[in-house]
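Let's take a walk through this one together.

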Amino acid sequence: MENILFDFISKYMILSDEEKQAITDFGIFKTVKKDTVLLKAGQISDKSYFVIKGCLRIFYIIEGEEKTTAFYTEMESITPHCVMNGKPSEYYISCVENSAIMVSNVEIATSVFEKFPRFESLCRILSEQLLAKNQTQLDEFKTSSPEQRYSNLLKTRPDLFQRAPQYQLASFLGITPQSLSRLRARIAEKKHAD
């Protein structure tokens, strides 16, 4: 599991054996089973997550219905709002599939940054990339039709269609599962007609 992370980090910087050992020694690598809830609405947490392998999702429960707002897959991180603002979480984070994750908190991050200052630069770069990606996704969601959102998801994250249940994908796209089925059928008909 650690080697997958180290390979990812090597795209940004070469780690020394001492740095690799320090990361391993923190005991932050965890495996979690599908459907495990890592954070519940109403909880206060100090934990951040980095997906090494697997898929996590953020969802709200509104009027008894799950509303999926994000999926996180390999080499993506989640820092819940409650970590930053100290207030109870408004949403849930759960595992869509069996996952290997890195679980960190402010104390661990501070220790790593003190011992290896260049990790702070790496985290800043990754945070900036995530912020830009999230802003792009939000803009696309607000300015596109359900069919455009579906087509865009097929282009940018086709793996989600194999990994997440249809009801979660439909919620993420802002439509009902029935609408997603009709949308898929309509697109399949168009392709067949062409």
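Predicted model: local features only at pLDDT ≥ 70, side-chain atom pairs only at ≥ 80, totals over all residues.

Residues are numbered from 1 along each chain as its sequence is written, and side-chain values use heavy atoms, with hydrogens and water left out.

The protein chain holds nine helices and eight strands, which are DSSP runs (helices H or I, at least four residues; strands E, at least two) numbered from the N terminus. Its C-alpha trace spans about 60 × 40 × 30 Å along the principal axes. Of the 194 residues, 39% are buried, meaning under 20% relative accessible area; exposed is over 50%, with partly exposed in between (1.4 Å probe, protein chains only). Take the contacts (heavy atoms within 4.5 Å) with a separation of 6 or more: 72% of them come from residues 24 or more positions apart.

Now zoom in on α1, residues 2–9, where L5, F6, F8 and I9 are buried. These four sit on the same side of α1 because they cover an arc of only 160° around the axis, judged by the directions from the helix axis to the C-beta atoms. What do the buried residues of α1 pack against? Their partners are α2 (17–25), β1 (29–32), β3 (48–53), β8 (99–104) and α5 (118–143). Turn to the face away from the buried side of α1, and you'll find the exposed residues N3 and D7.
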